[in-house]
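Please look over the sequence and the model first.

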Amino acid sequence: MPLPRWLARFNRRFTNRFFRLFAGRLPPWVIMQHRGRRSGRTYEVPLAAFRIDGGFVFALTYGSGADWVRNVLAAGECEIVRGGAVHSLSNPRLIPAAEGLGFTNRPVQLVLRLIQCDEFLAMDEV
């Protein structure tokens, strides 16, 4: 069950500004750069990304209906800045929590189960 939309709006306006201070330089935090599916505008979103063999996985704490997820699925690609390096990603696909949780550590698994995160987005590094 995704987190409520009001929390997403609050985070977009306030919390994300704080995370932008270190996301992209301090793993697991990354800055995802993606294009709006209708506007074509470039957006940057701070997220936690977990390394998998050949790519990355993202916990969808707001569900697959979040704007950034819909934009990435529509475009089929995005870029992330992680540890100061830019990574190009493609082939986005939704995976269930049972699979996605296996790519995270125990403390992260506990938090994601607590908030009932039930979807992940996996992408391949180009």
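## Cysteines

How many disulfides does a search of the whole structure find? The search finds 0 disulfides. The structure shown is a predicted model, and the values in this report are computed from it. A disulfide is a covalent bond between the sulfur atoms of two cysteines. Two cysteines can still be described by their surroundings. C78 has a relative accessible area of 6% and is buried. C117 is at 7% relative accessibility and also counts as buried, because the limit for buried is under 20%.

Strand β1 (residues 29-35) pairs with strand β4 (residues 77-82) over 3 bridges, in the antiparallel sense. Across this pairing, I31 stands opposite V81 in β4.

Strand β3 is largely enclosed by the rest of the structure, because 5 of its 5 residues are buried. G55, V57 and A59 point one way from the strand, while F56 and F58 point the other way.

On one pairing, β2 and β3 run antiparallel and are joined by 4 bridges; here F50 has V57 in β3 as its bridge partner. The hairpin of β2 and β3 has 2 residues between the strands, and G54 in this hairpin takes a positive phi near 85°. On another pairing, 5 bridges join β3 to β6, again antiparallel. There the bridge partner of F58 is L121 in β6.

## The aromatic pair

A search of the whole structure finds 1 aromatic pair. The ring centres of F58 and W68 are 6.0 Å apart and the planes stand at 70°, so the pair is edge-to-face. Because F58 lies in strand β3 and W68 in helix α2, the pair ties together parts that are 10 residues apart in sequence.

Both partners are shielded by the definition used here: F58 is buried, with a relative accessible area of 0%, and W68 counts as buried at 11% relative accessibility.

## The ends of helix α4

Helix α4 covers residues 106-114. At its start, a side-chain oxygen of N105 comes to within 3.0 Å of the backbone nitrogen of V108. Just after α4, Q116 takes a positive phi of about 60°.

How values were computed
Residues numbered from 1 in each chain as written. Predicted model: local features only at pLDDT ≥ 70, side-chain atom pairs only at ≥ 80, totals over all residues. Heavy atoms only, no water. Polar contact = N/O pair within 3.5 Å; in protein donor to acceptor, adjacent residues only side chain to side chain. Pairing = 2+ DSSP bridges. Phe/Tyr/Trp six-rings, centres within 6.5 Å; stacked < 30°, edge-to-face > 60°. Buried < 20%, exposed > 50% of the residue type's maximum accessible area, 1.4 Å probe, protein only. Disulfide = S-S within 2.5 Å.
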